[in-house]
Amino acid sequence: MTTRLDFDPLLDDLETRVLVCCGSGGVGKTTTAAALALRAAERGRRVVVLTIDPARRLAQSLGLRELDNHPREVVVDGFEPKGELFAMMLDMRRTFDDMVLTHAGRDRADQILSNPFYQTISSSFSGTQEYMAMEKLGQLVAQDEWDLIIVDTPPSRSALDFLDAPQRLSTVLDGRFIRMLSAPARASGRGLMKIVGTGFSLFTRAVSTIVGGQLLQDASTFVQAFDSMFGGFRERAQRTYELLRSPGTGFVVVAAAEPDALREASYFVERLSAENMPLCGLVANRTHPVLAADLPAAKAVAAADDLDRSGDAPLAAAVLRLHADRVAVADREKRLLARFTRAHPGVALVGVPALPADVHDLDGLREIGRRLAGE
């Protein structure tokens, strides 16, 4: 029998310091993260929620005009939590810039930030958003100003990108790559082009607006200015990775009751298990349970057919057909979730029924929080 995921004890446990909401795109990670943060604050925690969603839905639902790269306290009329709630939205470029300013010194930082090669890496390099989300998480933990941090992971093609990004980026920017980038400054002619052909293929695809000698000059200048920071990338990535494996961290996998989303959730559960990362459980979001009459779909359709033939109650017939459709959807979702739980019997699960309308305010988030808690 599947264990029910019970969020209130998890949110109340002061040993819980980081919750990471992950899953494929469009399954409700942002709303889930915000609802959990709101509920935790109302139960007495000092919480910050970090979103990567650029659509600003989180700010609107929290009653704020906008969010930026620094935590902003949620202070709105009618919201008087026992704890405190802060919210922020990741600015990928700003986070990268702040990291440079912190670790490079003012003069060298100015040289790095103005370099076209750096500007391309910091805004469009594959995995940068995921890496900077991890970087920002590490910064929030280091500040030690909140007793609970809730992270809404990036809307990646694959939820696994969030776990892979630090290792992928640090591998590209490790010491061997620095030596290769430094080589053009010492090479020339055919030897230079050989280095370009074998070592720069990854970057030249990303830096599409910079070509030939200008690319090499910018890369060489970038490396000379940034060399002292490269060694720290792998170390920082490893620290963040270890943070994700620590006892105070928990992963919440969010999925819709749809084949693709549950398949992605299954991959993520397997990856977390393989790497000994703490999994809290699965949120099956926007489900459609049948809460009213226990009437099978086939009987509802038969009754609707009888009413249609008599012509006496067209409205009742329409309601019966609507009920039959709802039962069919609910049965399909049950089968999909049952398949998931058979594959992962040890994963706790909670279903969150769909609301009649989109969440756009604190009351909506509060309702989602109640449903997450099983109320």
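**View 1. Ser266 touches Phe340 and His344, leaving aside residues up to four places away in sequence.** The model is predicted. Ser266 sits in helix H13, which spans residues 259-274. Its relative accessibility is 13%, so Ser266 counts as buried. The cut-off for buried is under 20%.

**View 2. Eight strands form an open sheet.** The strand order is E3-E4-E2-E5-E1-E6-E7-E8. The pairing is mixed. Strands of a sheet pair through backbone hydrogen bonds, either parallel or antiparallel. At the edges lie strand E3 (72-73) and strand E8 (349-353). Each edge strand pairs on one side only.

**View 3. Strands E1 and E6 run parallel as a pair.** E1 covers residues 18-22, and E6 covers residues 249-256. Five bridges join the two strands.

**View 4. The buried residues of H16 pack against both helices and strands.** Buried in H16 are Leu362, Gly364, Leu365, Ile368, Gly369, Arg371 and Leu372. Their helical partners are H1 (7-12), H2 (29-42) and H3 (57-61). Their strand partners are E7 and E8. An α-helix has 3.6 residues a turn, so residues three or four places apart point the same way.

Methods: Residues numbered from 1 in each chain as written. Predicted model: local features only at pLDDT ≥ 70, side-chain atom pairs only at ≥ 80, totals over all residues. Heavy atoms only, no water. Pairing = 2+ DSSP bridges. Helix = DSSP H or I, 4+ residues; strand = E, 2+ residues; numbered from the N terminus. Buried < 20%, exposed > 50% of the residue type's maximum accessible area, 1.4 Å probe, protein only. Contact = heavy atoms within 4.5 Å.
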